[in-house]
Amino acid sequence: MSVSATEAKPSSRIPKVPFWVQIVAGLVLGVVLGWLARSQDVSWLKETLSQVGGIFIQLLKLAVAPLVFFAILVSITNLRKVDNAARLAARTLLWFMITSLIAVAIGLAIGLITNPGAGTGLTPQDGKLPKHQGSWIDFLTGIVPTDVITPFTELNVLQIVFMAAVAGIAALKLGEKAKPILTLSESVLELLQKALWWVIRLAPLGTVGLIGYAIANYGWDLIGKYATFTADIYVGCALVLFGVYPLLLATVAKLNPLQFYKGAWPAIQLAFVSRSSVGTMPLTQKVTERLGVPKEYASFSVPFGATTKMDGCAAIYPALAAIFIAQIFDVQLGIRDYLLIAFVSVIGSAATAGLTGATVMLTLTLSTLGLPLEGVGLLMAIDPILDMMRTATNVAGQVLVPVLVSAREKILDLTAYENASGSPVDESSLGREAEHKEKVAVAA
């Protein structure tokens, strides 16, 4: 009796390690290596960790400028494929503002309860002026670039968004004449997203470097000085991420919050590691589509959110930081100041522009309140630790709002939402999901 080769040959396929397990393993390894580098004073290990983390972030940043330009341009032109496009855009912006207001209110409440600047031992002399500052004049005049090259070379994301929006609106007005440009733009965007997928797969290695260097460079002593402030940021973000968002999903969208986190988790965990909303944007859009948001709407709302929707960096953080800095410099804040913080958080959030860090947004808030900008220097050392949780919250909100709006507008694919898995998102899995949807549509 003969046995076929396929039956006789034992399976040699190695089980694939889940992406989240790779990230957690990188996190643990990074902490261990960082502790060794600091406790044993191993300079070469510290330098290696710095280089590994730096290269990962640099690879993400490399595609930021063209990615933002083509993503915004294509997203605006894709609105022509969506019914009630103006209504969807307005609802998206409205929910961005609502969730930002809730987030900043939570940040202010935590700051007033905990007094994060008290008992730190820090003084005004410990601060220094930041290299990059923001003011309302700079914000408004800085939207329009002086030329088309500088925003890309200096990575001024806000100006890139402006040019892309103008180009997208112009393309809509031109109609069929702009079709070759749109086809090229869509191809370039797919090329950039493909390249970023390769970078995203390196996230576990990037985690080792980024976390390891943070521990080796800053140690636990520094975190101890900012213990209350650090805890406030993490608690505030956690309340929004795991309290406000599930409540909105359950009450406003009438959806199961657990399914949301199951589907969105790959983007949230990458955001935590990379500290870049724009760098995470391709993955954010994929998980948003996997949760049942129509592709045409997701391709508008996610890029728009990646450059303007910042509940962590532009709401919770500046609210707590303003209270922290005011206490260090012994400045009393009143009701008017708290209202200004809320206003800046909602209107000025585009100043963060999805890049690593929120220094510009913080300086914008401080200058509006008349607080010393030297206070920013007090927070620079601890910023990488804070930015991980802030960015994870940002990205979760960037997925949440399209899901909320789609559910309210009755365009959410409920079957896709209920079946969204927590597995890593890649092109092949999305291809299988798209094929399944087509078969269901044909059968119907």
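Colleague: Let's start with Arg 336. Is that one buried or exposed?
Modeller: Arg 336 is exposed, at a relative accessible area of 60%. Bear in mind that this is a predicted model.

Colleague: Fine. Which residue does Arg 336 form a salt bridge with?
Modeller: Asp 337, and the closest N and O atoms of that pair are 3.7 Å apart. Asp 337 has 11% relative accessibility, so with the limit for buried at under 20%, Asp 337 counts as buried.

Colleague: How many salt bridges turn up in the whole structure?
Modeller: Five, from a search of everything. One of them joins Lys 309 to Asp 311, with 2.9 Å between the closest N and O atoms.

Colleague: What does Glu 409 pair up with?
Modeller: Arg 91. Their side chains meet in a salt bridge, 3.0 Å from N to O. That pair ties together distant parts of the chain, 318 residues apart. Glu 409 sits in the loop between α19 (383-408) and α20 (414-418), while Arg 91 belongs to helix α5 (residues 85-114).

Colleague: How accessible are Glu 409 and Arg 91?
Modeller: Glu 409 counts as buried at 17% relative accessibility, whereas Arg 91 is partly exposed at 28%.

Colleague: Which residues are linked with Arg 91 in a network of salt bridges?
Modeller: Arg 87 and Glu 409. Those two and Arg 91 form the network.

Colleague: Let me zoom out. What's the secondary structure of the chain?
Modeller: It comes to 21 helices and zero strands. The protein chain has 444 residues, and 54% of them count as buried.

Colleague: What share of the contacts links residues 24 or more positions apart?
Modeller: 85%, taking the contacts in the chain with a separation of 6 or more.

Colleague: Which residues make the nonpolar surface patch?
Modeller: Val 52, Ile 55, Leu 59, Leu 62, Leu 202 and Leu 205, and the patch covers about 530 Å². Helix α3 (residues 43-62) gives the most to it, with four residues.

Colleague: Where does Leu 205 sit?
Modeller: In helix α10 (residues 203-225). Leu 205 is exposed, with a relative accessible area of 53%.

Colleague: Switching to helix packing. How do α11 and α12 pack?
Modeller: For any two packed helices, you quote the angle between the axes and the distance between them. Here helix α11 (residues 227-251) and helix α12 (residues 257-274) pack at about 145 degrees, with axes 11 Å apart. The crossing of α11 past α12 is right-handed.

Colleague: Which residues make that contact?
Modeller: From α11, there are Tyr 234, Leu 241, Phe 242, Tyr 245, Pro 246, Leu 249 and Ala 250. From α12, Pro 257, Phe 260, Tyr 261, Trp 265 and Phe 272 take part.

Colleague: Stay on Phe 272 for a moment. What does it touch?
Modeller: Leaving out residues up to four places away in sequence, Phe 272 touches Tyr 234, Met 388, Met 389 and Ala 392. The C-alpha atoms of Phe 272 and Met 388 are separated by 4.4 Å, though the two residues are 116 apart along the chain. Phe 272 is in helix α12 and counts as partly exposed, at 23% relative accessibility.

Colleague: Now the backbone. What's the phi of Lys 254?
Modeller: Positive, about 60 degrees, even though Lys 254 is not a glycine. As background, most residues other than glycine have a negative phi. Lys 254 lies in the loop between α11 and α12 and is exposed, at 66% relative accessibility.

Colleague: And what is the phi of Asp 41 near?
Modeller: It's near 55 degrees, again a positive value in a residue other than glycine.

Colleague: Where does Asp 41 lie, and is it buried or exposed?
Modeller: Asp 41 lies in the loop between α2 (19-39) and α3. At 65% relative accessibility, Asp 41 counts as exposed.

Conventions: Residues numbered from 1 in each chain as written. Predicted model: local features only at pLDDT ≥ 70, side-chain atom pairs only at ≥ 80, totals over all residues. Heavy atoms only, no water. Patch = residues over 30% accessible without salt bridge, like charges linked within 9 Å, V, L, I, M, F, W, Y side chains within 5 Å. Areas by Shrake-Rupley, 256 points an atom, 1.4 Å probe, with all protein chains shown as cover. Salt bridge = Lys/Arg side-chain N within 4 Å of Asp/Glu carboxyl O. Helix = DSSP H or I, 4+ residues; strand = E, 2+ residues; numbered from the N terminus. Buried < 20%, exposed > 50% of the residue type's maximum accessible area, 1.4 Å probe, protein only. Axes fitted to C-alpha atoms, helices over the stretch in contact; angles between N-to-C directions. Left-handed = near helix turned anticlockwise from the far one by under 90°. Contact = heavy atoms within 4.5 Å.
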